[in-house]
Amino acid sequence: MSKGELNPPLLPPEFEQLRALMYGSVGIALQQGKEELIRTRLLKRLRALGMTTFAKYLALVQSPAGTGEFSTMVDLLTTNKTNFFREEAHFDFIRERVLPRHRNERSPVTIWSAGCSSGEEPYTLAMILRDQIPEPTFSKCRILATDLSTIVLERAKLAIYDELNVADVPPEVQTKSFVPAPPLGGVRRFEVKAEVRKIVSFGRLNLNSPDPWPMRGRFDLIFCRNVMIYFDDETRERLVNRFSDALSPGGFLFIGHSESLSALKVKLRYVKPAVYEKVM
Ligand SMILES: C[S@@+](CC[C@H](N)C(=O)[O-])C[C@H]1O[C@@H](n2cnc3c(N)ncnc32)[C@H](O)[C@@H]1O
């Protein structure tokens, strides 16, 4: 830190206000004891805005003019880490257990990627559907991808990824699913092909908003992976039961492999690690 740089403390009442704000609005439970980590994550932002106290920053994010800043704050306090073909066992399960029926019956698949971050998860699903479901059924499949963060959603809609991200995609899928995009800062980039993108739509949705979800119809598959890590048991239980209501009978919910629903009272049946089924 250079001499004279702002370095305000995060006072206990400010931390409590921040905790209440994050929990009440987006269901994210900031843990006691993480004050210094949280202070460090937000400090750069305070400095960029020339703010001398956390109280002023908290006033800004709660003001009508601070909606965008609230989004930035949530981004700084959560992780958007994701990648193509992440947790591959789920995609094997879909290929083996879910898609053969849709292929045989020519029935389109409807999927919700809830907490989609910068789009790698829904685009992976679209690539798999395109590979497994022939036309004209593929074009009737729908993938809804939602996230709280407008910043990651903009990146997702752009559908352009650095070569390092695309390296996670199996080579045969790479050539089928991407076209070269203009390089940036000497880095090679690739764009998801329009024919893959066309079944994916993006929207902003706070999963823990008390309002009813705006989607009509039910989903065959819901992916909510590595999102509920921020929520406490009460919030996760409520959310998983809402997911259950949004699934078609026989539909599946996928969560991250480091997560578990075993401590919760939920209406879904455990199938295998990180996969749950809505019983008829
Ligand atoms: C670690 S990423 C997971 C991305 C992807 N599902 C995966 O597993 O690779 C977690 C995402 O959850 C989103 N998120 C956190 N709280 C949320 C909420 N209350 N409503 C909607 N999205 C939320 C974050 O913005 C972030 O993009």
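Q: Is the crossing in which α5 passes α6 right-handed or left-handed?
A: Good place to start! This is a predicted model, and in it α5 passes α6 in a right-handed crossing.

Q: Which other values describe how α5 and α6 are placed?
A: The general idea is that two packed helices are described by the angle between their axes and the distance between the axes. Here, helix α5 (residues 89-105) and helix α6 (residues 120-132) have axes that come within 11 Å and cross at roughly 45°. The two helices are therefore oblique to each other.

Q: Which residues of α5 and α6 meet?
A: On the α5 side you will find Phe91, Ile94, Arg95, Leu99 and Arg103, and these meet Thr124, Ile128 and Gln132 of α6. Sorted by class, the residues of this contact are four nonpolar, two polar and two charged.

Q: How do I read the pair α1 and α3?
A: Use the angle and the distance again. The axes of helix α1 (residues 12-26) and helix α3 (residues 54-61) cross at roughly 20° and come within 10 Å. Because angles under 35 degrees count as roughly parallel, α1 is roughly parallel to α3. Their crossing is left-handed. To find the contact, look for Glu14, Gln17 and Leu18 in α1, which meet Phe54, Ala55 and Leu58 in α3. That contact divides into four nonpolar residues, one polar and one charged.

Q: And at what angle do the axes of α2 and α4 cross?
A: Helix α2 (residues 35-49) and helix α4 (residues 67-77) have axes that cross at roughly 140° and come within 9 Å. This pair is therefore oblique. The crossing in which α2 passes α4 is right-handed. From α2, Ile38, Arg41, Leu42 and Arg45 take part, and they meet Thr72, Met73, Leu76 and Leu77 of α4. By class, this contact has five nonpolar residues, one polar and two charged.

Q: Let us step back to the domains. Into which domains is the protein divided?
A: There is domain 1 (12-77) and domain 2 (89-160 + 192-278). The C-alpha centres of domain 1 and domain 2 lie 29 Å apart. Their contact takes seven residues from domain 1 and 10 residues from domain 2. On the side of domain 1 that touches domain 2, α4 gives the most, with three residues. This side of domain 1 divides into four nonpolar residues, two polar and one charged.

Q: What is phi of phenylalanine 85?
A: Phi is near 55°, a positive value in a residue other than glycine. To see phenylalanine 85 in the model, go to the loop between α4 and α5.

Note on methods
Residues numbered from 1 in each chain as written. Predicted model: local features only at pLDDT ≥ 70, side-chain atom pairs only at ≥ 80, totals over all residues. Axes fitted to C-alpha atoms, helices over the stretch in contact; angles between N-to-C directions. Helix = DSSP H or I, 4+ residues; strand = E, 2+ residues; numbered from the N terminus. Parallel < 35°, antiparallel > 145°, perpendicular 65-115°, else oblique. Left-handed = near helix turned anticlockwise from the far one by under 90°. Contact = placed C-beta atoms within 7 Å. Nonpolar A, V, L, I, M, F, W, Y, C, P; charged D, E, K, R; others polar. Domains from an automatic or database assignment.
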